[in-house]
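Open the model in your viewer and keep the sequence panel beside it. The tour goes stop by stop: select, look, move on.

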Amino acid sequence: MGAAPVVLYQQRFSTDLQPWLRVNAVSSNGRAQNREERVVCKPLIMKRGRTSLKSKCQRFPSHERGAQRQKRGTSSFALTSAEDWGNLPHLAVLQIFQHLSLVDRARASSVCRCWNHVFHTPDLWRRFEFELNQPATSYLRSTHPNLIQQIIKKHAQHLQYVSFKVDSCTESAEAACDILSQLVNCTIKTLGLISTARPSFMDVCQAHFVSALTVVFVNSKSLSSIKMDDTPVDDPSLKVLVANNSNTLKLLKMSSCPHVSPAGIMCVADQCHGLRELALNYHLLSDELLLALSSEKHVHLDHLRIDVVSENPGQTHFHTIKGSSWEALVQHSPKVNIVMYFFLYEDEHEPFFLEETPVTHLYFGRTVSKEMLGRIGLNCPRLAELVVCANGLEPLDEELIRIAERCKSLTAIGLGECEVTCSGFVEFVKMCGGRLTQLSIMEEVLIPDSSYNMEQINSEVSKHLGRMWFPDMMPTW
């Protein structure tokens, strides 16, 4: 065995991130490097069974450099380039850094003063995701506390696209609120609060959460996108948001926010005329809200997502939206995508789709009745995508054929625990034809009959689709 390779390079320039990323350079014989020597590092290699990164280095003493260049002749350019990484143009190094992870950027910043200067360029700190997880309960990585403090101290004013990803622990959500409350000099444009598992933010003291969120709402002045599902945001904080960001807000996602009332969301719709995307729970949807989104002052809405969720089975009352209100929205925004996610029990679907509804995407996470699917075929002419996770043991032939006949924009369908005869399924595909870009049907959904068996249906469906098709072995939605 030969001598151990030199560990990286002599570290002459430290960065502000050394408390969480420290690379020590020691020569193989333990002595300091000669001042006249230059170190050229070859690509890093990982030694099996070791956790540290090492590199093989070549040293060129200063008195030999001239002879080396004359001897190599045409290859001198390559050697000069290897020695002068620190002289690369600022923009070139910046572009390289933009493709590196934060850890790799921090390591590269230790090469020289030039690269360290690039490391602190504001453009590299516009976008950041804080990952806050508790090691005792989560296997996900977490942003180091020292790094968080360095960002707040030196780069808070540069942050523009910020998100917080927290686990289910209350401590993680509280840490996110603590960081938010310190962003007093920020100019954030997009903010995302993401819980990888419930309840997280919902277990935080509401006053603490609202206070931290208000700091961002007041100081940013240019928020265009906010995602804060499953949070204790309330009406007063929404008013602060509108008062400071009404001219810039374009996207607002706030499903499962129980402290927001219809009046609070109406305040947003009345003042934020540039709002293009909105996601909310069904209990916040009203005829007044749809009419406000359809006013002449409001821009065309691109995307409206509605989550229909039953928290207390059999005890939740769902109101009905008038057909005229839906019609006003579509006339104002003819290209709007209206997406509805249903998580209801079978007997709770009664108030829906009694009149024509311009929904474009429908997802049923629980069992849905044949009657409900029949109403969809009659009253949802704009439907483009339908996913049914479960239905029961009654074949859906008639309902699917009606949907194919009436929903001329249908391009995608997924069926899980349902039943459809092979003949009915072939007829459905034949009516839809090649416009079905996604056809995800579980194999056990199809029931062989006198016309088709499981081997024959593959070729028959493929013929009508114009491409090879096979049923799925597991759900793809």
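Start at the glycine that follows helix 15: select glycine 433, whose phi is positive, near 70°. Helices here are DSSP runs of H or I with at least four residues, strands are runs of E with at least two, and both are numbered from the N terminus.

**Ground rules**

This is a predicted model; local features need pLDDT of at least 70, side-chain atom pairs count only at pLDDT 80 or more, and totals for chains, interfaces and linings use all residues. Residues are numbered from 1 along each chain as its sequence is written, and side-chain values use heavy atoms, with hydrogens and water left out.

**Helix 15**

Step back from the glycine and select residues 422-432, which form helix 15. Which of its residues are buried? They are Cys422, Gly424, Phe425, Val426, Phe428, Val429 and Cys432. Buried means under 20% relative accessible area, exposed means over 50%, and partly exposed lies in between (1.4 Å probe, protein chains only).

Now show what surrounds them. The buried residues of helix 15 pack against helix 14 (397-406) and helix 16 (454-465). They also pack against strand 15 (412-417), strand 16 (420-421), strand 17 (438-441) and strand 18 (446-447). Contact means heavy atoms within 4.5 Å.

Go on to asparagine 458, in helix 16. Asparagine 458 has 16% relative accessibility, so it counts as buried. Leaving out residues up to four places away in sequence, asparagine 458 touches Trp469, Phe470 and Pro471.

**Whole view**

Zoom out and colour by secondary structure. The protein has 16 helices and 18 strands. Of its 477 residues, 46% are buried. Take the contacts between residues at least 6 apart in sequence: 70% of them join residues at least 24 apart.

Two strands pair if DSSP finds at least two bridges between them. Strands of a sheet pair through backbone hydrogen bonds, either parallel or antiparallel.

Walk in from strand 5:

- Strand 5 to strand 6 (residues 161-166): 6 bridges, parallel. Phenylalanine 128 stands opposite valine 162.
- Strand 6 to strand 7 (residues 190-195): 6 bridges, parallel. Lysine 165 faces isoleucine 194, and phenylalanine 164 stands opposite leucine 193.
- Strand 7 to strand 8 (residues 225-227): 3 bridges, parallel. Leucine 191 has isoleucine 226 as its bridge partner.
- Strand 9 (residues 251-253) to strand 10 (residues 277-281): 3 bridges, parallel. Lysine 253 has alanine 279 as its bridge partner.

**Crossovers and helices**

With strand 6 and strand 7, helix 7 makes a right-handed β-α-β unit. Right-handed means that, with the strands pointing away from the viewer, the path from the first strand over the helix to the second runs clockwise.

Select helix 6 (residues 145-154) next. Its buried residues are Leu147, Ile148, Gln150, Ile151 and Ile152. They pack against helix 4 (102-108), strand 5 and helix 7.

Now pick valine 204, in the loop between strand 7 and helix 8. Valine 204 is buried, with a relative accessible area of 5%. Leaving out residues up to four places away in sequence, valine 204 touches Thr170, Ala173, Glu174, Cys177 and Phe209.

**Last stop: a helix pair**

Select helix 8 (residues 206-220) and helix 9 (residues 235-245). They pack at an angle of about 10°, with their axes 8 Å apart. Helix 8 is therefore roughly parallel to helix 9. Axes are lines fitted to C-alpha atoms, for helices over the stretch in contact, and angles run from 0 to 180 degrees between N-to-C directions. Angles under 35 degrees count as roughly parallel, over 145 as roughly antiparallel, 65 to 115 as roughly perpendicular and the rest as oblique.

Show the side chains at this contact. Val210, Thr214, Phe217, Val218 and Ser220 in helix 8 meet Ser237, Val240, Leu241, Asn244 and Asn245 in helix 9.
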